[in-house]
Amino acid sequence: MVDRVSKINYYLDIAQTVSERSTCLRRRFGAIIVKNDVIISTGYNGAPRGRINCTDIGECPREQMNIPRGERYEMCRSVHAEANAIIAATREQMLGAALYMCCTSPAGELVGGTCSCMMCKRYIINAGIERVYVRDTKDTFTVFDTKDWVENDDSLSGKFGY
């Protein structure tokens, strides 16, 4: 009998592959939105279309300013993976959908323990996405119910980062 990858890890594998398109020098994120076992859209973090990417410039403005992760995103050249996936889909497609996300280092190693930033959480909530799966290791992941993000509004905590 052949071991078969779980459906969740199948989608997380795809999100991890999508992260390889990222142009961020700090962290590479890939996201896919899935509804009824159909991939609705994909997204990775990188500069807006037509703009020069950090990989092309060879430097990260936030890194140069020693800005901690999860803070001062207005200084970042990139659009986040979740936002790019949401931009590529219609709201009707996203209602009740799930978002799968993976983070890798620029060297391609998995980075566990991540989550969407405060801004992306807002986009995910407004898009109507119900659940977010974030890869921690090749076989493990964390599941976030977006209703919890509504009820436990982290934007009121005064804490930044993720």
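Strand β2 gives the most to the lining of the largest pocket, with three residues. Strands, as DSSP runs of E, have at least two residues, helices (H or I) at least four, and both are numbered from the N terminus. This is a predicted model, where local features need pLDDT of at least 70, side-chain atom pairs count only at pLDDT 80 or more, and totals for chains, interfaces and linings use all residues. Residues are numbered from 1 along each chain as its sequence is written, and side-chain values use heavy atoms, with hydrogens and water left out.

Stay with that pocket. What is its volume? The largest pocket comes to about 340 Å³. It has 15 lining residues, and the closest to its centre are Tyr 44, Gly 46, Ala 47, Arg 49 and Asn 84. A pocket is an open set of points on a 1 Å grid over the protein atoms alone, with protein on both sides within 12 Å along at least five of seven lines; a cavity is a set where a 1.4 Å probe fits but cannot get out; lining residues have an atom within 4 Å of a point. Points are joined across faces, edges and corners, and volume is the space filled by probe spheres set on them.

Which elements each supply at least two residues of this lining? They are β2 (38-44) and α4 (81-87). By class, the pocket lining has six nonpolar, seven polar and two charged residues. Here Asp, Glu, Lys and Arg are charged; Ala, Val, Leu, Ile, Met, Phe, Trp, Tyr, Cys and Pro are nonpolar; the others, Gly among them, are polar.

Now the cavity. How many cavities of 30 Å³ or more are there? The count is one. The largest cavity has a volume of about 40 Å³. Look for Cys 24, Leu 25, Cys 54, Cys 60, Pro 61, Cys 76, Arg 77 and Ser 78 in its lining. Those residues divide into six nonpolar, one polar and one charged.

Take Ser 78 from that list. Ser 78 sits in the loop between α3 and α4. Is Ser 78 buried or exposed? Ser 78 counts as buried because its relative accessibility is 15%. (Buried is under 20% relative accessible area, exposed is over 50%, and partly exposed is in between, with a 1.4 Å probe and protein chains only.) Beyond its neighbours within four places in sequence, Ser 78 is in contact (heavy atoms within 4.5 Å) with Asn 45, Gly 46 and Ala 47.

Next, the cysteines. A disulfide is a pair of cysteine sulfur atoms within 2.5 Å. By this rule, the count is zero disulfides. For Cys 54, the nearest cysteine sulfur is that of Cys 60, 5.3 Å away, and Cys 54 is in no disulfide. Cys 54 is buried, at 6% relative accessibility. Cys 60 is in no disulfide either, with the sulfur of Cys 54 its nearest. Cys 60 is also buried, at 11%.

On to helix α3 (61-64). Arg 62 lies in it. Why does Arg 62 count as buried? Because its relative accessibility is 5%. Leaving out residues up to four places away in sequence, Arg 62 touches a list that includes Arg 26, Ile 67, Tyr 73, Met 75 and Cys 76. Arg 72 is on that list too. Arg 72 lies in the loop between α3 and α4. It is partly exposed, at 43% relative accessible area. Its phi is near 55°, a positive value in a residue other than glycine. Asp 37, in the loop between β1 and β2, also has a positive phi, near 60°.

Last stop, the nonpolar core. A nonpolar core is a set of buried Ala, Val, Leu, Ile, Met, Phe, Trp, Tyr and Cys residues joined through side-chain atoms within 4.5 Å. The largest one has 20 residues. Those touching the most other members are Ile 33, Ile 86, Met 94, Leu 99, Ile 124, Ile 129 and Val 132. Five elements each supply at least two residues: β1 (28-35), α4, β3 (98-104), α6 (118-127) and β4 (131-135). Val 132, leaving aside neighbours within four places in sequence, contacts Leu 99, Ile 124, Thr 142, Val 143, Phe 144, Thr 146 and Trp 149. A second, separate core has eight residues, including Val 18, Ile 32, Val 34 and Tyr 133.
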